[in-house]
Amino acid sequence: MGPLRSVVLAGGGTGGHIYPLLAFADCLRRHDPGVRITCLGTPKGLENELIPPAGYDLRNIPAYQLPRSINMNLVRTPGRMWTAARAAGKVIEEVRADVVVGFGGYVSVPAYLAAWRRELPIVIHEVNVPPGVANRLGMKFTRHVAVGFPHQPSQAESLRDARVVGVPLRRGIAGLDRSAMRSAARAHFGLRPDLPVLFVAGGSQGARSINLAVAGAAKELARNGIQVLHVIGARNEPVPIPTDLPVPYVTLPYLSEMEAGYAAADLMLGRGGAMTCAEVAAIGLPTIYVPYPHSNQEQKRNALPVVEAGGGLLVDDAEVTPDWIERTVIPLIRDPQRLHAMGTAAAGYGRRDGDEALLNFVYEAVSR
């Protein structure tokens, strides 16, 4: 198989679609600096903030939310989808793409349609169970489906024949040596080098219930010599933190370089998004997962296999209170042996090579 000359990557809307897309784009470029990489997005998606600064060509096309039930929107969908697929097709033809690789999000559907009409290879990467609605549609046009986690093929009939490749992770995370980076990371955030650190981050949106519980336990955490690095989430209201604490409690609205937070931490408390699960498992960071409760439970399904492997704890959102933090988190973070065992188990479950494995899968799909 010769090198790929031109690749179209489709995925947008949320970080869960965009971050693996960017990690895969970096992998493509590492292997062949001359490859043409074109990303498809929508005018309103988060991709506009993330893809151009990473140095990749972003082409916006119209994309429409797919209705999940039969209603008037479904009647209008074919016309809208035709418009979006035509726009995607123009880009595909202009850049003379060899393959379309989709990561989900509404922008993927017109890309899949346009590629299918041009008999172009389509590769789909999916991290959730059940698969997102866009990728479920895409699976009607291709058999080349890759997944991020080993539990997915057994949990979803549509993924039964999918290839487990792992999740493409940024090199800064995939190559992270936490112990080597710990001192520098703690100094960067103004944390002491000699006391344990609880890293709190509720995903790109943050998590108000987690924020309130940890802030409410701030005095007790500090009294036990536990430092906190707390990413509130850009869309969340700030939470009041006591000012007279004897050890550092650092709050940030947002953290783009998550590897610095991971390196500083002894234990993480966060949601169960697919990217979080993939990242913390790969680097062996013990984590307490608090899945987002108002959904189809995919975050719980994401976190459960890591937890069953011994790499963390799983707790319901409703249980997370200041009292729970004091009863559960404080004894855990003060038990280095238990943390070490959890970290080792997480690393045994996780994988750091998702980008390379997906690239091999794409080469396979194209050569067929």
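This is a predicted model: local features need pLDDT of at least 70, side-chain atom pairs count only at pLDDT 80 or more; totals for chains, interfaces and linings use all residues.
**Cores**

The largest nonpolar core has 40 residues. Those with the most contacts inside it are Phe149, Leu169, Phe189, Phe199, Leu229, Tyr262 and Met268. Helix H12, residues 274-283, gives the most to this core, with eight residues. Domain 1 (6-169 + 352-367) and domain 2 (173-349) both supply residues, so the core lies between them.

Leu229 shows who meets whom. Neighbours within four places in sequence aside, Leu229 is in contact with Phe189, Leu191, Val197, Leu198, Phe199, Val200, Val250, Leu252, Gly261 and Ala264. A second, separate core has 33 residues, among them Ala215, Tyr249, Leu269 and Leu339.

**Strand S11**

S11 spans residues 267-270. Which of its residues point which way? Leu267 and Leu269 point one way, while Met268 and Gly270 point the other way. All are buried. Met268 is listed among the residues with the most contacts in the largest core, whereas Leu269 belongs to the second core.

S11 pairs with strand S8 and with strand S12, as tabulated here.

| Partner of S11 | Residues | Sense | Bridges | Opposite residues |
|---|---|---|---|---|
| S8 | 197-201 | parallel | four | Leu198 and Leu267 |

From S11 the chain crosses through H12 to S12. This β-α-β crossover is right-handed.

Note on methods
Residues are numbered from 1 along each chain as its sequence is written. Side-chain values use heavy atoms; hydrogens and water are left out. A nonpolar core is a set of buried Ala, Val, Leu, Ile, Met, Phe, Trp, Tyr and Cys residues joined through side-chain atoms within 4.5 Å. Buried means under 20% relative accessible area, exposed over 50%, partly exposed in between (1.4 Å probe, protein chains only). Helices (H or I, at least four residues) and strands (E, at least two) are DSSP runs, numbered from the N terminus. Domain bounds come from an automatic or database domain assignment. Contact means heavy atoms within 4.5 Å. Two strands pair if DSSP finds at least two bridges between them. A crossover is right-handed if, with the strands pointing away from the viewer, the path from the first strand over the helix to the second runs clockwise.
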